[in-house]
Structures are given as C-alpha cells and as structure tokens.
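Keep the structure open while you read.

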Amino acid sequence: IAVIFYSLCSSMMLVVNKLAMMSYRVPAVVNLLQLASCTVFIYVIGAAGIKTDPLKLEFAKPYAVYVCAFAGSIYANMKALAASNVETIIVFRACAPFCTLAIEYFFMDRMLPSKKSAAALSAVALGAYVYVSLDAEFAMSGMAAYFWVLVWYFLLCFQMTYGKKLLQDVKLETVWGPVLYTNLLSIPPTILLGYILGDFNQYAVVEPSENATLWVGLSCILGIAIGYSGWWCRDLISATSYTLVGVINKMLTVTVSVAFINKTASPMAIGALLLCLIAGTQYEQPPKRPSSEKLPASA
C-alpha cells in the first residue's frame, strides 16, 4: 500500500511542479508555500486528535544536514523544471540508483548488485546516454544546460541514503514526525536560498498566469501526500529500492507529459527514456553484507 500510494503521488508531482513553474516562475516562493502548507496541515490534524510527533530539539539536530540538502534539492528541482522538460529530469532520476548503491555499499553495509541487476543498470546508463545525445538543449549548451539538474541529482542521492539513516537513528513515533521535521526545518534554508539567488526580488515583478493558483495549490496538496507516503515507503525498503520505485512510477509521468506538456518529444528520445524505466524494473535490491564481510571502518 505504501509503495502504491507513493507511486501515485510521485508520478503526478513532477508534472504538477512543471505546470506550477510554467505558471509562476519563482521557485523559492512556490517551495515556501508547499513547505508551509504541509507544516500547517500537520499541526491542524494534530489539534484534531490525530497522533503526530511534537517538535523537540534533540530530534531536530540530526535533521539539520538533511533539511539543508532537502531545501537545496527542491529548489534545484524547480529551477531545473523551469529550464528543462520533464523527460530530462526523469532520465537523471533513473540514474540515481548508481549513486545510491555506491553510498549503500561503502557506508550502509550492502553488497554490490547481482549480475542481473548490474545488467539492468547498464541498460539504464545506455538509455540515459542515448537520451542526452538526442537532447537539443545539451547539443546547444553542453553540460551547462544541465547545471540545475545535476545539482538536484546529487542532493537527491544524498537525501535518499541519509534519509534512510535518519529513520534508523532517530526513532519518531509516527510517519508524520519526519514529515513535520523536514518541512518545518526546511523553511529557513529555503528563505535563505530565495534571498541569495534573487527570487524575492522577482516576486514583485513576475506576473503569475491565470492558472497559477490552481497548479501551485495542487502542488501544495501533492506535497503533503508525497511527504507522508515518501517517508512511509522509505521506512519499509532500502534507499536504492526506494529510488527505483520513484523511477518506475515515472512511466505514468512520461505519458502525461508527452500528452499534455512536451508534445514535440521525438520517438527516439521517448524510447531511450522508456529503456531507462523498463530496465529499472529488473533491478533487485542487494542484501546486507554478513558481519564477516563488512568493510573496515575508516580511522
């Protein structure tokens, strides 16, 4: 149930965020509305009698590093969506398991993937290479076209693995606990990002489109849903498997995007993207290493 719920939320969030960015191109403001609405929602349901975790300094401290990465990643994601198409984001998302499995191997005591899983990841890499080679933005600007996508990619990989460690080390009583800590504590770094990168200067001059309220509002609602379902799902499976669930459910995202947003995507590019997604379904989570095979801790 957790995986299905997360898949539904995740598959639509990227498209809705793209539409929000098309209707109102001020990432920090949209992010702040999403974070604040989720925080308020949790306090409201808590006041209504639903069990939630209170904010405590002893639990907030371990989240300090995570929320900085989270705030940076959602900002970079919005900037990437404003500059790139949804398919480009999905291709990079499909490659996230390469980074997370390396982190899990060196720092979280998981074995390397099996031959079948390695072949699946190789197919993901091939699909990504073909997609990038067909991308007009990359052909014109090189890696500069992917600056914000790359920032988002590396912050996302860190989140996926460090978030799993947080769940293991910080024992909160409900799923709403990490959702509250993540959203509430991400507000200050998001304000800082908006101030440093000039988003708040744009606030007075950027004119929202007539559909901005709809898409930004819907992104706030989906933000609450994906916050809960994401932490719920992360608690049940490994970081790499969690990443791959996010990759696979993007098939629905691709369908919606091609149908309603990026109608000019070439069949070859979509084929390369689908190769990434289908190959991802063949990946199997590596088991934990036996105690006798664990890597020695660095001094």
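## Around Gln-34

Gln-34 sits in helix 2; helices here are DSSP runs (H or I, at least four residues), numbered from the N terminus, and strands are E runs of at least two. Residues are numbered from 1 along each chain as its sequence is written. This is a predicted model, so local features need pLDDT of at least 70, side-chain atom pairs count only at pLDDT 80 or more, totals for chains, interfaces and linings use all residues, and side-chain values use heavy atoms, with hydrogens and water left out.

Is Gln-34 buried or exposed? Gln-34 counts as buried because its relative accessibility is 9%; the cut-offs are under 20% relative accessible area for buried, over 50% for exposed, and partly exposed in between (1.4 Å probe, protein chains only). Setting aside residues up to four places away in sequence, Gln-34 touches Met-13, Asn-17, Met-78, Asn-183, Ser-219 and Cys-220, where contact means heavy atoms within 4.5 Å.

One of those partners, Asn-17, belongs to helix 1 (residues 2–23). Asn-17 is buried too, at 7% relative accessibility. Apart from neighbours within four places in sequence, Asn-17 is in contact with Gln-34, Asn-77, Met-78, Leu-81 and Ser-219.

## Two helix pairs

Two packed helices are described by the angle between their axes and the distance between the axes. Axes are lines fitted to C-alpha atoms, for helices over the stretch in contact, and angles run from 0 to 180 degrees between N-to-C directions.

| Helix pair | Angle | Axis distance |
|---|---|---|
| Helix 2 and helix 4 | roughly 130° | within 9 Å |
| Helix 5 and helix 7 | about 150° | 9 Å |

The helix 2 angle makes it oblique to helix 4, while helix 5 is roughly antiparallel to helix 7. The cut-offs are under 35 degrees for roughly parallel, over 145 for roughly antiparallel, 65 to 115 for roughly perpendicular, and oblique for the rest.

Helix 2 and helix 4 meet through Pro-27, Ala-28, Val-30, Asn-31, Gln-34 and Leu-35 on one side and Phe-70, Ile-74, Tyr-75, Met-78 and Lys-79 on the other. In the other pair, Glu-87, Thr-88, Val-91 and Ala-94 of helix 5 meet Val-124, Ala-128 and Tyr-131 of helix 7.

## The nonpolar cores

A nonpolar core is a set of buried Ala, Val, Leu, Ile, Met, Phe, Trp, Tyr and Cys residues joined through side-chain atoms within 4.5 Å. The largest one has 42 residues, and Ile-89, Ile-90, Val-149, Trp-152 and Tyr-153 have the most contacts inside it. Helix 15 (residues 267–280) gives the most to this core, with 7 residues. A second, separate core has 22 residues, among them Ala-60, Tyr-63, Ile-74 and Leu-172.

Where does Tyr-63 lie? Tyr-63 is in the loop between helix 3 (57–60) and helix 4 (64–83), and is buried at a relative accessible area of 1%. Tyr-63 touches Leu-166, Val-170, Leu-172, Pro-178, Tyr-181, Thr-182, Leu-185 and Trp-231, not counting residues up to four places away in sequence.

## How confident is the model?

The chain has a mean pLDDT (the predictor's confidence in each residue, from 0 to 100) of 82, and 83% of its residues reach 70 or more.
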